[in-house]
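Biologist: Hi! Could you walk me through this model?
Modeller: Happy to, here it is.

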Amino acid sequence: MIDMHDIILSNGRRVAKTRVSNSPSLLLVNYRWYVDSSQHVPKIGLASTSVYPESMSSSFELAARLGYDGIELLVGLDKVSTDIDYVEKLQDYHQVPVLSVHAPVLIVTQRTWSSDHWVKLQMTIEAADRLGADAIVVHPPFRWQGEYAKNFEQGLRRLQSGTDVKLCVENMYPLRIGAGRMPMYLPSYDPTDFDFPYLTLDTSHASTSKQRSIDYVHSWGDRLQHLHLTDGSGKPTDEHLFPGEGDQDVWDVVAALRDHGFQGHIVHEVNTRSCRTRSEREDRLAEALANTRAVLEGRRNDVRIEGAPA
């Protein structure tokens, strides 16, 4: 039990009248959870895309309501996500920090901020610095991206040398056509064998590429600094199911990270478009959050939220 009535958060804000939970590692502050850093419990974030078709702004509202530790901001899917002044105001209003920033490297964000990919990544670093995020999610380049793709390893090392924000290259997947595979990324959709110091594991991408997420955990070791906790059933399309709905044994992944003293963030990047109402979306996210926390604390992950579909 931690007995505190004033807490100084990492961003310097003081929160008074703290309520204390029974967990030795989690503090309930004005109905929001904050991680006691002395216990080295990973923070759990909500990806701003996980509320789609609602706006990025709604992700801050839902994160605050449900008790997430912060947000992963994906830049470029809507206009407000590119306005860092506005995002700072959302942080202040909802008291929800941005834990990580997903660079605008999707096909649909190719011209966000700049058509020069290195300028785009530099602007992402600057945004992360302003927002207080300590991790950036970066995809390997598409094969057709010319010199940027050819020089990606060296260029990323150059950028990393100039910042304390971790540039975490994410595992992707090949385009599967029938029984064949078409490579889309350089140097590869799988960053395992390349000189990237920090990596993001996306468990849905692992499923789409017919890999096992737990194998990545063991292979990557301390290079694994960021987790997109989601799931997949092995289909050729990237599903982003809720954790536990697919073939990736994701709770074993979370338990393995817990046991190895994982120091990064765990982000729920899930597809909620099938949710018929805001209430259903909240229930499903609340259930995922409760079960993730249960595994991190060594408890059973069998929390069910009334109203969430079975």
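Modeller: One term before we start: a contact means heavy atoms within 4.5 Å. In the protein, residues 24 or more positions apart account for 67% of the contacts with a separation of 6 or more.
Biologist: Thanks! And what should I know about the model and its numbering?
Modeller: This is a predicted model, where local features need pLDDT of at least 70, side-chain atom pairs count only at pLDDT 80 or more, and totals for chains, interfaces and linings use all residues. Residues are numbered from 1 along each chain as its sequence is written, and side-chain values use heavy atoms, with hydrogens and water left out.
Biologist: How many helices and strands are in the protein?
Modeller: The protein has 9 helices and 15 strands. These are DSSP runs numbered from the N terminus: helices are H or I with at least four residues, strands are E with at least two.
Biologist: Which strands close into a barrel?
Modeller: The barrel has 8 strands in the order β6-β7-β8-β9-β10-β13-β14-β15, with parallel pairing. From one strand to the next, the twist averages 30 degrees. Two strands count as paired if DSSP finds at least two bridges between them. Angles run from 0 to 180 degrees between N-to-C directions, with axes fitted to C-alpha atoms, for helices over the stretch in contact.
Biologist: And what packs on the sheet?
Modeller: Helix α5 (residues 152–161) does, touching β9 (135–138) and β10 (166–170). The direction of α5 makes about 155 degrees with that of β10.
Biologist: Let's zoom in on β13. Are its faces covered or open?
Modeller: Both faces of β13 are covered: L199 and L201 are buried on one side, T200 and D202 on the other. Buried means under 20% relative accessible area, exposed over 50%, and partly exposed in between (1.4 Å probe, protein chains only). As a general point, side chains in a regular strand alternate between the two faces of the sheet.
Biologist: What are the partners of β13?
Modeller: β10 pairs with β13 in the parallel sense over 2 bridges, and V169 stands opposite L199. Strand β13 (residues 199–202) is also joined to β14 by 4 parallel bridges; there T200 faces H226 and L201 faces L227.
Biologist: How many residues of β14 are buried?
Modeller: In β14 (residues 224–228), 5 of its 5 residues are buried. Strand β14 is joined to β15 (residues 265–268) by 3 bridges, again parallel, with H228 opposite V267.
Biologist: Switching to charges: how many salt bridges are there?
Modeller: A salt bridge here is a side-chain nitrogen of Lys or Arg within 4 Å of a carboxyl oxygen of Asp or Glu. By this rule the count is 16. One of them joins R278 and E61 at 3.3 Å, N to O. R278 lies in helix α9 (residues 278–296) and E61 in helix α1 (residues 56–66), 217 residues apart.
Biologist: What about D69, which residue does D69 form a salt bridge with?
Modeller: D69 pairs with R293, the closest N and O atoms being 3.2 Å apart. D69 sits in the loop between α1 and β7, R293 in helix α9, 224 residues apart. D69 counts as buried because its relative accessible area is 3%, and R293 is buried too because its value is 8%.
Biologist: Great, thanks!
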